[in-house]
Amino acid sequence: MKKVFLSAAAVAAALALPGSPALAQTNEITIGISVTTTGPAAALGIPERNALDFVPKEIGGVPLKLIVLDDGGDPTAATTNARRFVTESKADIIMGSSTTPPTVAVSTVANEAGIPHFGLAPFPINDARMKWSVAMPQPIPIMGKVLYEHMKAHGIKTVGYIGYSDSYGDLWVNDFKAQAIPMGLTMVTEERFARPDTSVAGQVLKLVAANPDAVLVGASGTAAALPQTTLRERGYKGLIYQTHGAASMDFIRIAGPAAEGVIMASGPVMSPETQPDSALTKKPGLALNTAYEAKYGVNSRSQFAGHSYDAFEVLKRIVPVALKTAKPGTPEFRDALRRAMTTEKDIAASQGVYNFTEKDRYGLDDRSRIILTVKDGKYVPAK
């Protein structure tokens, strides 16, 4: 497997996207991957890049060529990367990015060009992005429901919200309104912050003043630790709920003692050891974590590594199907991949069991979620 790593600076010049690039048949499958390995969201993108060490070098007897670019979490850079994959690399498949705004940007380019796209962050998939894009992370409604059910079971009635001031934060607010309010929960205050912010003291003071029974944090990566630590520093004693965007060992490292007692939605890859042997997610989760921690250290596992790793678990199923009817480097091959996504069923991976359809571009069910807490500096199943 060939891998090429470039920085965003190397591709800073904008590239024009032609409506229908001419592709020639090749003897390898080219995969363009835009992830965030620098900037505030690097804690998400670096594990996604690292997991590429453990994916197949070939599928169906055809070598894979991986081209990996950093987008710094910037939608403009992600757009430029995606256009380069189309115009220069003649990619058969595009993946990325690590956070919601640049993932939307990559999806837009992929759908314009007609190239299968695997999003590595939750993102809204509308009609314009429906045909060629799928998302590897769990959809917000699946992860939100398990958190709201936990709130109800523990007598929580009022919730304060603090989350990103972008589309990821919007997804969580909208989901709370759609699911939690009908369950009897009330959002008493809504606060936002930008991903690069280094302080949320003002927002937390308003949350503490509202005195909700619990606080929901709609953030991801190490930035999710900022509200967590500030709330505890300001004396907030209630339960704090974190979304699956925070599920990594880095969260515990950054939040320190303030992480104790957090309630966190997570993909099963964070704790495959506690899954029953019958769980289809157990074997791939153990395989990824064993390889990842052997190279990057004990307790280095990350949910985000699972997103990129699982994209290749899907490819292991759909590429052989597509190869029966078309050759890499052709529009016919790309379309065959797209169609195979919806015909292959029960694709077991570390983060869930995928069953994509023409309308469901997440393809996951309740097998894709667990709920954790932090006790003595370690993740354990929450009660």
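**Entry 1: the model**

I am working from a predicted model. I started with the sheet, then went through the helix pairs, and left single residues for the end.

**Entry 2: the sheet**

I looked up the strand order first. The sheet is open and has seven strands, in the order β9-β8-β10-β11-β12-β15-β16, with mixed pairing. Which strands stand at the edges? They are β9 (186-193) and β16, and each has a single partner strand, so one side of each is left without a neighbour in the sheet.

Helix α7 (residues 201-210) packs on it and touches β8 (158-164), β9 and β10 (214-218). The direction of α7 makes about 170 degrees with that of β9.

Strand β12 (residues 263-266) pairs with strand β15 (residues 370-375) in the antiparallel sense, over four bridges. In that pairing I found Ile263 opposite Thr373 of β15.

I then moved to the pairing of β15 with strand β16 (residues 378-381), which is antiparallel over four bridges. Lys375 has Lys378 of β16 as its bridge partner. Leu372 stands opposite Pro381, also in β16.

How many residues lie between β15 and β16 in their hairpin? There are two, and Asp376 in the turn has a positive phi of about 55 degrees.

**Entry 3: α1 on α11**

I turned to the helices. Helix α1 (residues 42-50) packs against helix α11 (residues 303-323) at an angle of about 45 degrees, and their axes are 7 Å apart. The crossing of α1 past α11 is right-handed.

I listed the residues that make the contact. From α1 they are Ala43, Leu44, Pro47 and Glu48; from α11 they are Phe304, Ala305, His307 and Ser308. I sorted the contact residues of α1 and α11 by type and got five nonpolar, two polar and one charged.

**Entry 4: α11 on α12**

I stayed with α11 and looked at its packing on helix α12 (residues 331-343). The angle of α11 to α12 is about 130 degrees, with the axes 8 Å apart. The two helices are therefore oblique to each other. Is the crossing of α11 and α12 left-handed or right-handed? I noted it as right-handed.

On the α11 side, I found Ile318, Val319, Val321, Ala322 and Leu323 in the contact, and on the α12 side Phe333, Ala336, Leu337, Ala340 and Met341. The contact of α11 with α12 has 10 nonpolar residues, no polar and no charged.

**Entry 5: α5 on α6**

I looked up one further helix pair. Helix α5 (residues 140-153) and helix α6 (residues 167-180) have axes that come within 10 Å and cross at roughly 55 degrees. That angle makes α5 oblique to α6. I noted the α5 and α6 crossing as right-handed.

α5 brings Ile140, Pro141, Met143, Gly144, Lys145, Leu147 and Tyr148 to the contact. α6 meets them with Tyr168, Leu171, Trp172, Asp175, Phe176, Gln179 and Ala180. By type, the contact of α5 with α6 has 10 nonpolar, two polar and two charged residues.

**Entry 6: salt bridges**

I counted 19 salt bridges in the structure. I followed up the one between Arg301 and Glu273, where the closest N and O atoms are 2.8 Å apart. Arg301 lies in the loop between α10 (282-296) and α11, and Glu273 in the loop between β12 and α10, so this pair ties together parts that are 28 residues apart in sequence.

**Entry 7: backbone points**

I went back to the loop between α10 and α11, which also holds Asn299. The phi of Asn299 is near 65 degrees, a positive value in a residue other than glycine.

Last, I checked for a cis peptide bond. The bond from Gly96 to Ser97 is cis, with omega near 0 degrees. Ser97 lies in the loop between β5 (93-96) and α3 (100-113).

Technical notes. Residues numbered from 1 in each chain as written. Predicted model: local features only at pLDDT ≥ 70, side-chain atom pairs only at ≥ 80, totals over all residues. Heavy atoms only, no water. Pairing = 2+ DSSP bridges. Axes fitted to C-alpha atoms, helices over the stretch in contact; angles between N-to-C directions. Left-handed = near helix turned anticlockwise from the far one by under 90°. Contact = heavy atoms within 4.5 Å. Nonpolar A, V, L, I, M, F, W, Y, C, P; charged D, E, K, R; others polar. Salt bridge = Lys/Arg side-chain N within 4 Å of Asp/Glu carboxyl O. Parallel < 35°, antiparallel > 145°, perpendicular 65-115°, else oblique.
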